[in-house]
Amino acid sequence: MKEPFVLVTLRVSYPDKGSDLAAYAHMYICIENNGIDCCFAKRQSYKPYHSLPGSKPDKRIVEAPDKSRNPFIHPTLIDLDKLFVIDCRVLNDSVKSRIGVNDALLSDITALIAFTPKIRLSVEGLKLLNPRL
């Protein structure tokens, strides 16, 4: 049985184990789930430099806090330049949020990701950085 779409908090060794994604846990939004593989987009706090022309990521959604759409407390940037694929079976409840995003936000995200590269993350690498898995 497929799990519902969730938010997870993980450290990810992308592009390598010395990256900010590996050093600090970030929240990821599950946007696809077939019961075996889950595809995630990275969520991060919106920062002033994100409003500068040409700032990264190129494909993004800026989402204001809205309890009817998302559980975010502060303005949030959803990075749609790359997506991460994870074996769902490794994700236990200790890394999952109780609240996810609503269908409207999920639809907004999926409308923008048609040609977004998907990066598969190894289970072993995730377990090394996330002892709770």
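User: Is C39 buried or exposed?
Analyst: C39 is buried, because its relative accessible area is 2%. Buried means under 20% relative accessible area, exposed over 50% and partly exposed in between, with a 1.4 Å probe and protein chains only. This is a predicted model, where local features need pLDDT of at least 70 and side-chain atom pairs count only at pLDDT 80 or more, while totals for chains, interfaces and linings use all residues. Residues are numbered from 1 along each chain as its sequence is written, and side-chain values use heavy atoms, with hydrogens and water left out.

User: How many disulfides are there?
Analyst: The structure has 1 disulfide, a disulfide being a pair of cysteine sulfur atoms within 2.5 Å. C38 and C88 form it, with 1.7 Å between their sulfur atoms.

User: Where do C38 and C88 lie in the chain?
Analyst: C38 is in strand β3 (residues 37-45), and C88 is in the loop between β5 (76-87) and α2 (103-110). The two are 50 residues apart, so the pair links distant parts of the chain. Helices (H or I, at least four residues) and strands (E, at least two) are DSSP runs, numbered from the N terminus.

User: Which hand does the link of C38 and C88 have?
Analyst: Right-handed, with 115° about the S-S bond. Both C38 and C88 are buried.

User: Switching to rings: how many aromatic pairs?
Analyst: The count is 2 aromatic pairs. Rings of Phe, Tyr and Trp (its six-membered ring) pair if their centres lie within 6.5 Å; planes under 30 degrees apart are stacked, over 60 edge-to-face, and the rest tilted. Y14 and F84 form an edge-to-face pair, 5.4 Å centre to centre with 70° between the planes.

User: Why does the pair of Y14 and F84 tie together separate parts?
Analyst: Because Y14 lies in the loop between β1 (7-10) and α1 (20-23) and F84 in strand β5, 70 residues apart in sequence. At 26% relative accessibility Y14 is partly exposed, whereas F84 is buried at 1%.

User: What does Y28 form with F84?
Analyst: An edge-to-face aromatic pair, 5.8 Å centre to centre and 85° between the planes. Y28 is in strand β2 (residues 26-33), 56 residues from F84. Ring pairs link Y14, Y28 and F84 into a cluster.
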